[in-house]
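Good morning, and thank you for coming.

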Amino acid sequence: MGMKFRSGGFLTTVQDAGRTGYQQFGVPVSGAMDPRSFVLGNLLVGNDEGEASLEITLMGPMVEFTAANVVALTGADLSATLNGVPMPRYRAVLVKPGDLLAFGMQKSGCRAYLAAAGGFDIEPVMGSRSTYLKAKIGGLQGRKLGKDDFLGFRAPAATLPNLDLRAVDPEDFSASERVLRVVLGPQDDAFTEDGRKTFLSGTYTVTNQSDRMGSRLEGPVVEHVKDGNIISDGISFGAVQIPSEGKPIIMLADRQTTGGYTKIANVITVDLPRITQSKPGDIIRFEAVSIEEAQELYLAQRTRFEELRRSFEEKRGDARAPVAPGIALAALGLSGGEERVFHVELDGHDYRCVVREIKS
Amino acid sequence: MRDVRFLLTGDTSVTVEFGNEISGGINAAIRAFNIALSKSGIDGIVETVPTYRSLMVHYRPEKIRHAELCEMMRGLLGKLDDIEIPPAEVVEIPVLYGGEEGPDLAFVAEHNGKTEDEVVKIHTGTEYLIYMLGFTPGFPYLGGMDDSIAAPRLKSPRVRIPGGSVGIAGTQTGVYPIDSPGGWQLIGRTPLKLYDPGRERPILLEAGQYIKFRAVDREEYEAIGREVEQGTCRLHTYAKEG
């Protein structure tokens, strides 16, 4: 039992932390484009942080749940609703059979992640469930999800400890101008001093030639010493490749493992969501940081993940998760207004009361 | 160890560069270093990606930081002796040259002041060492192409190139295993599938083998294509002499 798709949306695929270990055979890593939203989703539903979830792009699918489970929606705000009621983002939600998940207008960001406790019932290919569309591997038959597809749950959870506490502040993706911090290299010496200055001071626009493989930018030409060709070498997630024409292309999750164009810099791990959640027309600026600073930021993010996992797993008395209020209201044909939470102590017992104004 | 450089490729990988040319010597050093690294047991290394002139090392900064990893790798660079080289096998790749399948053959010929037939004769006259696989699943990067048929990459990559296309970029030649974007000059196409996820061995070629291209006419190209579709196509291989 799992999820039945009434429609697939624009581009909905199964993605995990990526297909590592096969780059030496030329198999791209793939995996979640926004690694932070992806990991947070898994932490919220108690999964291993690399468990496969759904990557939902711009226009979401319409999905009917055929089994109860705990799910969480992170990443872009694509106006998700559960049974017609706005579904909270960055919060574990209990769903039951017959519940209907739908999406509306893209509000901010590009890619949302739907994590389901226990993951999906699909076979890994080369150690990963990530969909790599070009080679038609991973996910559901190596393709995006569409009408009448079914995705089974592998080990669904009726509930989770501290369900009502499993929430984090949603990340804000509404900015249309972003600074991407980069570590210079590996071929920053293939550019002139002026070229490097242009790159770090110029304003670039995300073009519509942007997909899971890479994002082409429009903006001032970055000058090479000679040209943009090198003897092919390896490419990291976030590599800023600049071919001879001088316009940057940021290499993303489905990037090829190796390539023959100069790479001036690499977007640091914690800033990857700033490019993968951007849309055509958004403005990008680059700022150089040291490898030490980049790794400090990386480690701070790791620490935050670990702390969240601990806080979700810690025993907090017997705080029982209420059925997600929105669902109960919807069942009554009502929609919920603003939600307030109270902690009440009665006879030594701690109660958490969720109060929501009802609009009929 | 010569002039090995550690190049920054972001905060979760580092590229160890052994040189800036395509040479058997550099490739052998990279292979040796890759084996030494895998035996070193350094904690935190996720995977390594050998290329013509460098080894990209992916790692977890929560296990090992950049400076510490580079220091340990510097130590390993002195121990690159006695690495076994696997016996070489030559794999024959049938190719239909020119026409719709090789739209840039005319450019490559003109660029080098040759006829198309001369380019084909030179291209099929060599056994090419597979230095590495990369770019897309199973894409073989080959060494040993004759400089007299070299041609520059396209200034801007094509958005879509059909799987099986055989191309030239600079002094490199290769075959696209699947449909993909790319900037190589296309001179022909093979009916073989270098990559097929439904096959027992998804990737046809491996590093250390050699490739020999063989020119075929359209009739044979189509016949082999049908065998590939039916799963009855057998690879022609022979042992490399010398």
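Predicted model: local features only at pLDDT ≥ 70, side-chain atom pairs only at ≥ 80, totals over all residues.

Consider residues 24-305 of chain A, where 14% of the chain is helix and 31% is strand.

Let us now turn to a sheet in chain A. In what order do its five strands lie? The order is β2-β3-β10-β5-β8, in an open sheet with antiparallel pairing. At the edges stand β2 (11-15) and β8 (92-95) of chain A; each has a single partner strand, so one side of each has no neighbour in the sheet. On average, and ignoring direction, neighbouring strands of this sheet are turned by 25° against each other.

Strand β5, residues 69-77, runs antiparallel to strand β10, residues 108-116, and six bridges join the two. Here Leu73(A) has Leu114(A), in β10(A), opposite it.

Finally, we come to the contact between the chains. Chain A contributes 40 residues and chain B contributes 43. On the chain B side, the elements giving two or more residues are β1 (5-8), β2 (13-17), β3 (45-50) and β4 (54-59). Which of them gives the most? That is β3(B), with five residues. Sorted by class, the side of chain B that touches chain A comprises 19 nonpolar, 16 polar and eight charged residues. Thank you for your attention.

Methods: Residues numbered from 1 in each chain as written. Chains lettered and ligands numbered in written order. Contact = placed C-beta atoms within 7 Å. Helix = DSSP H or I, 4+ residues; strand = E, 2+ residues; numbered from the N terminus. Nonpolar A, V, L, I, M, F, W, Y, C, P; charged D, E, K, R; others polar. Pairing = 2+ DSSP bridges. Axes fitted to C-alpha atoms, helices over the stretch in contact; angles between N-to-C directions.
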